[in-house]
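Hi everyone, thanks for coming along. Let me put the sequence and the structure up on the screen, and then we can walk through it together.

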Amino acid sequence: MIWSLPIGWAAFSAACASSLVATARFLFPNVLFEPPQAFKAGFPGEYNVGEVDTRWKDAFSVWIVRQPEGFYALIAVCTHLGCSPNWLAAEAKFKCPCHGSGFYASGINFEGPAPRPLERARIVLADDGQILVDKSTKFQFEKGEWTNPEAFLKI
Amino acid sequence: MVDALKGAINFLTAPEIFITLASVLFFLSMRYKAFWAPKVALALGILGAIFLAVSMLDHNFALIVKKPDNVPIVAMLFLVGFFVWLSMHQAHQNDERIARGEPPNEASNGENEKTWVWPDLVYTELLCMIIGMIVLVVWGLAFHAPIEEAANPARTPNPSKAPWYFLGLQEMLVYYDPWLAGVVFPSLIIVGLMAIPYIDMNPKGNGYYTFKERKVEITIFMFGFLIQWVLLVILGTFLRGPNWNFFGPYEYWDLHKLLALNNVNLSEYVWVKALGVGLPKNMFVREIPGILATLVYVVVLPGLLARTWLKKYFEKLGPWRYAVFVMLLLLQIALPIKMMLRWLFDLKYIVALPEIFFNI
Amino acid sequence: MATNATKPPEPFLTRTWDYITDTQIWKSIFRHGMPSTSRNRVLVVMTNVFLHLHPVKIRKSGVRLKFTWCMGGLTFFLFLVETFTGLLLMFYYRPTVAYAYMDIIDLAEQVPLGIMREIHRWGAHAMVITVWLHMFRVFMTGSYKPPREFNWNVGVILLVLTLLLSFTGYLLPWDQLAIWAITVGSNMARATPLLGYEGPGAQLLALGDVKMVHAGSDARFALLGGRFVGEGALLRFYVLHCVGIPLIAGILMAVHFWRVRKDGGISGPV
């Protein structure tokens with residue numbers, strides 16, 4: 001009998017805690033209806049060497065950069081607070097309008113508050129020869145992931 | 001002549017000069033009560049109105065001030081100015097009365113007595129409500145609520161600003177990483193405000209305006225309110241332009257204004273520039289200077305202050321209250337310190353551990 | 001008898017007034033006469049649920065505008081204005097990405113007396129200002145000191161709720177101003193220590209290789225209902241703005257006002 005009170009309160013607390021967890025879990029749905037993260041970005045011949053291509057930025061928030069050896073895809077989301085930077089061709093840098101972070105064409109941050117470089121997306125050739133960019137796989141420089149074969153499309 | 005004046009004002013509003021000047025002015029006004037004489041206040045108010053009116057002739061200035069969302073900020077500045085004066089003026093009046101041995105205004109001439117809520121209070125309230133409603137309707141007729149282009153998740157407007165009352169936070173985000181400036185500091189502001197009644201052990205000044213009896217409390221609070229909140233709102237609204245660069249109030253918002261913002265971490269200053277060796281491989285060894293500096297600031301400094309400058313408070317508040325008080329105070333000052341370090345030395349991070357998302 | 005005869009007849013308005021106040025309906029609502037006598041001034045406050053917020057008598061210094069600035073009262077008034085105009089706006093506004101923006105445009109152009117949104121928005125700005133000034137006044141008069149410490153705390157929470165109300169409302173027009181302010185604001189949640197996937201310590205919360213805290217399970221996701229500011233975020237902010245936060249604020253306001261009374265009424269020197 002001496003234990004009835006502690007047991008009762010323990011059970012009550014456990015029930016409260018578990019319903020709290022269940023309520024929190026309610027905030028995270030199992031299925032998300034968000035736009036597709038992968039898209040086909042045309043044939044490699046459509047890009048000029050040495051240029052940062054902005055044609056997919058409005059639709060998919062991705063820049064495709066063509067270098068002599070191949071392609072990489074930069075995700076146009078500032079690593080500071082998620083604004084989308086602009087490519088300033090004259091100054092050869094990405095500049096974020098929210099807090100002034102600046103990035104080189106490679107994606108490396110060099111000014112402003114951004115704590116780390118821009119992220120790169122998976123970029124491969126699809127079966128039909130088009131470039132396939134998949135934003136659901138991201139490569140971060142500071143984790144050494146840019147050397148991953150899918151972070152850079154060799155031509 | 002006009003251009004020279006504009007140039008001078010543009011120069012003075014460079015952030016490091018602007019904030020320094022404003023802080024100096026603030027502490028002077030706390031020190032000398034002549035600042036709060038009605039004549040001085042009236043003169044300052046009129047001067048402010050003239051400055052605003054004349055400046056509206058400038059195209060670049062008018063462009064920013066006339067934005068519908070910025071109108072409340074201008075109104076707010078005058079209101080805050082007026083009410084700060086009103087409170088300080090009454091405080092100094094009461095201080096003089098108390099010095100003469102009289103009770104404060106709020107306790108003399110029968111003010112201690114009670115009066116009827118109906119009609120005395122309810123009619124005052126009704127009048128305030130009516131005036132408030134009239135102001136709102138006129139305001140609503142005069143200015144359309146802003147609506148911009150439809151949302152486009154891929155195109156960030158330049159500059160992109162938070163609602164005006166959060167511009168202080170947005171400014172803070174330039175100097176500290178989001179986990180500090182966006183989460184820890186705002187929480188501490190709330191906790192700090194809530195802690196005030198439990199830290200402030202001064203029994204005087206309850207229920208009447210006074211300055212002399214609570215100099216330190218009022219100075220700390222007003223510094224936070226006026227310099228670290230209102231001034232940062234001004235900075236964010238009127239001086240931050242495209243690419244989040246600083247612009248003088250009369251300066252054209254040039255999208256391509258080039259400013260070198262090449263910020264350097266403390267570790268680089270110490271290892272590369274001072275010692276002339278490369279950055280150590282191990283991230284914790286690399287950041288030892290910054291970690292030490294931070295530990296000195298939050299651990300050693302409170303103890304040191306308890307023996308020196310703040311000895312009086314340590315004895316009065318006891319160890320626990322003192323610890324909370326001094327931590328909040330140090331963290332409050334951490335913002336201006338980092339801002340100055342950034343502006344004067346281009347310092348980026350004191351501790352930079354991007355590998356584990358831990359930067360200070 | 002003679003005096004009665006010489007008295008002139010009452011004016012028409014007085015007679016009408018007397019007639020109205022003598023009806024059973026009037027008497028059933030108001031249990032006292034005009035508040036011109038002490039007794040009736042007590043009754044008018046005591047028998048009215050709204051006026052009952054106030055005490056019957058109050059210290060003279062507490063009525064002076066010079067002392068109170070009426071900022072707390074104005075804040076409450078603005079809250080009521082926001083509730084009323086907000087309710088009207090809800091008739092025309094649908095919180096979905098497809099409709100939200102056009103509904104706001106229509107509100108200004110197709111609805112008679114189209115300044116409801118103006119009043120709602122400027123009222124929100126004004127409310128932030130009056131809350132600040134109220135807090136400033138309370139600080140400057142030392143009114144947070146014992147016995148009012150707890151009520152100061154309730155007030156601080158109400159200040160935060162006011163800012164949150166304003167912030168959640170900012171997203172609803174679904175224009176460029178809205179989504180970018182909220183994008184920046186909500187990205188801070190991403191950096192919450194432990195709970196945000198880019199916050200310090202989040203990497204420690206992992207079962208082997210499986211991260212517990214990632215973009216789909218962190219504090220920001222709970223706020224937005226998605227990985228970026230989209231349909232889910234609009235709905236969540238709408239619900240918080242119209243129901244969630246006002247409800248909490250309303251309850252806390254009741255506590256706030258109640259405690260003003262219970263902690264000794266408006267502050268004044270002893």
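Predicted model: local features only at pLDDT ≥ 70, side-chain atom pairs only at ≥ 80, totals over all residues.

Let's start with chain A. What is the strand order in the open sheet here? Four strands make up the sheet, and they run in the order 5-6-7-8, with antiparallel pairing. Strand 5, residues 86-88, and strand 8, residues 109-111, sit at the edges of this chain A sheet; each has a single partner strand, so one side of each has no neighbour in the sheet. If you follow strand 5 of chain A across to strand 6, residues 93-95, you'll find the two joined by three bridges in the antiparallel sense. To pick out a residue pair, A:Asn86 has A:Lys95 in strand 6 of chain A as its bridge partner.

Now please turn to chain C. Nine residues of domain 1 of chain C and twelve residues of domain 2 of chain C take part in the contact.

How much area is buried between domain 1 of chain C and domain 2 of chain C? About 920 Å², and carbon and sulfur atoms give 75% of that. On the domain 1 side of chain C, the residues that lose the most area to domain 2 are C:Tyr170, C:Leu171 and C:Arg236, which together account for 48% of what that side buries.

What about specific interactions in chain C? Between domain 1 and domain 2 of chain C there are zero salt bridges, and two residue pairs are in polar contact. Two or more residues on the domain 1 side of this chain C contact come from each of helix 9 (149-171) and helix 12 (231-262). Helix 12 of chain C gives the most to that side, with four residues. Sorted by class, the domain 1 side of the chain C contact has six nonpolar, one polar and two charged residues.

Finally, chain B. Here domain 1 consists of 1-106 + 122-145 + 160-172 + 207-256, while domain 2 of chain B is 260-360. The contact draws on 14 residues from domain 1 of chain B and ten residues from domain 2 of chain B. The C-alpha centres of these two chain B domains are 31 Å apart.

Domain 1 and domain 2 of chain B bury about 960 Å² between them, with 73% of it on carbon and sulfur atoms. Which residues of domain 1 of chain B lose the most area to domain 2 of chain B? They are B:Glu16, B:Ile220 and B:Gln228, together 45% of what that side buries.

Across this chain B interface there are zero salt bridges, and one residue pair is in polar contact. Helix 2 (15-31), helix 7 (167-175) and helix 9 (215-239) of chain B are the elements giving two or more residues to the domain 1 side that touches domain 2. The largest share of that side, six residues, comes from helix 9 of chain B. By class, the domain 1 side of the chain B contact divides into eight nonpolar, four polar and two charged residues.

That's my tour, so over to you for questions.

Conventions. Residues numbered from 1 in each chain as written. Chains lettered and ligands numbered in written order. Heavy atoms only, no water. Pairing = 2+ DSSP bridges. Contact = heavy atoms within 4.5 Å. Buried area = accessible area lost by both parts, 1.4 Å probe. Salt bridge = Lys/Arg side-chain N within 4 Å of Asp/Glu carboxyl O. Polar contact = N/O pair within 3.5 Å; in protein donor to acceptor, adjacent residues only side chain to side chain. Nonpolar A, V, L, I, M, F, W, Y, C, P; charged D, E, K, R; others polar. Domains from an automatic or database assignment.
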